[in-house]
Amino acid sequence: MPEYEFRTIVFPRGAARSAIRQELADHAEYGRWELHRTVVYMSGKQRAWLRRKIIRVPRPPGLPSL
């Protein structure tokens, strides 16, 4: 089962949809984040959870452990 790391981004009440969309697109394109969940609160604040897979590189057998 894959392991994920998460990042939360909070947008203020007056944030434009285009600005939110651009910010999420930048995180997806340059940081390899994917949109996991979004919530719009009654106060107008929006919160987005992003996630990406944790890639573990196996250690070669000849290297000493740290």
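Visitor: Why is Arg 32 called exposed?

Guide: This is a predicted model, and every value here is computed from it. Arg 32 has a relative accessible area of 70%. Exposed means over 50%, so Arg 32 is exposed.

Visitor: Where is Arg 32 found?

Guide: Arg 32 is in the loop between α1 and β2, and β2 covers residues 34-40. Leaving out residues up to four places away in sequence, Arg 32 touches His 27, Arg 51 and Arg 52.

Visitor: What makes His 27 count as buried?

Guide: The relative accessible area of His 27 is 18%. Buried means under 20%, so His 27 is buried. His 27 is found in helix α1, residues 17-31.

Visitor: Which residues is His 27 in contact with, beyond its neighbours within four places in sequence?

Guide: Arg 7, Ile 9, Arg 32, Trp 33 and Leu 50.

Visitor: What makes a set of residues the largest nonpolar core here?

Guide: A nonpolar core is built of buried residues of nonpolar kinds, joined through side-chain atoms within 4.5 Å. The largest one has seven residues: Ile 9, Phe 11, Ile 20, Leu 24, Trp 33, Ala 48 and Leu 50. Two or more of them come from each of β1 (4-11), α1 and β3 (46-53).

Visitor: Which residues does Leu 24 contact, leaving aside neighbours within four places in sequence?

Guide: Leu 24 is in contact with Ile 9, Phe 11, Ala 48 and Leu 50.

Visitor: How many helices and strands are in the protein chain?

Guide: There are one helix and three strands. From the N terminus on, they run β-α-β-β.

Visitor: Why is the protein chain called more spread out than a compact globule?

Guide: Set the value against the rule. For 66 residues the globule rule gives 11 Å. The radius of gyration is 17 Å, well over that, so the protein chain is more spread out than a compact globule. Along its principal axes, the C-alpha trace spans about 55 × 20 × 20 Å. Of the 66 residues, 18% count as buried.

Visitor: How do you know that Arg 56 is exposed?

Guide: Arg 56 has 59% relative accessibility. The cut-off for exposed is over 50%, so Arg 56 counts as exposed. Arg 56 lies in the segment after β3. From Arg 56 to Ile 9 is 25 Å, C-alpha to C-alpha, and they are 47 residues apart in sequence.

Visitor: How far apart are the mean positions of the positive and negative charges?

Guide: They are 6 Å apart, for 13 positive and 6 negative charges.

Visitor: What share of the accessible surface belongs to carbon and sulfur atoms?

Guide: The share is 53%, out of about 5800 Å² for the protein chain.

Methods:
Residues are numbered from 1 along each chain as its sequence is written. This is a predicted model: local features need pLDDT of at least 70, side-chain atom pairs count only at pLDDT 80 or more; totals for chains, interfaces and linings use all residues. Side-chain values use heavy atoms; hydrogens and water are left out. Helices (H or I, at least four residues) and strands (E, at least two) are DSSP runs, numbered from the N terminus. The radius of gyration is taken over C-alpha atoms; the globule rule is 2.2 Å times the number of residues to the power 0.38. Buried means under 20% relative accessible area, exposed over 50%, partly exposed in between (1.4 Å probe, protein chains only). Accessible areas come from the Shrake-Rupley method with a 1.4 Å probe; for residues, only the protein chains shown count as cover. Lys and Arg count as positive and Asp and Glu as negative; His and the chain ends are not counted. The place of a charge is taken as NZ of Lys, CZ of Arg, CG of Asp or CD of Glu. Contact means heavy atoms within 4.5 Å.
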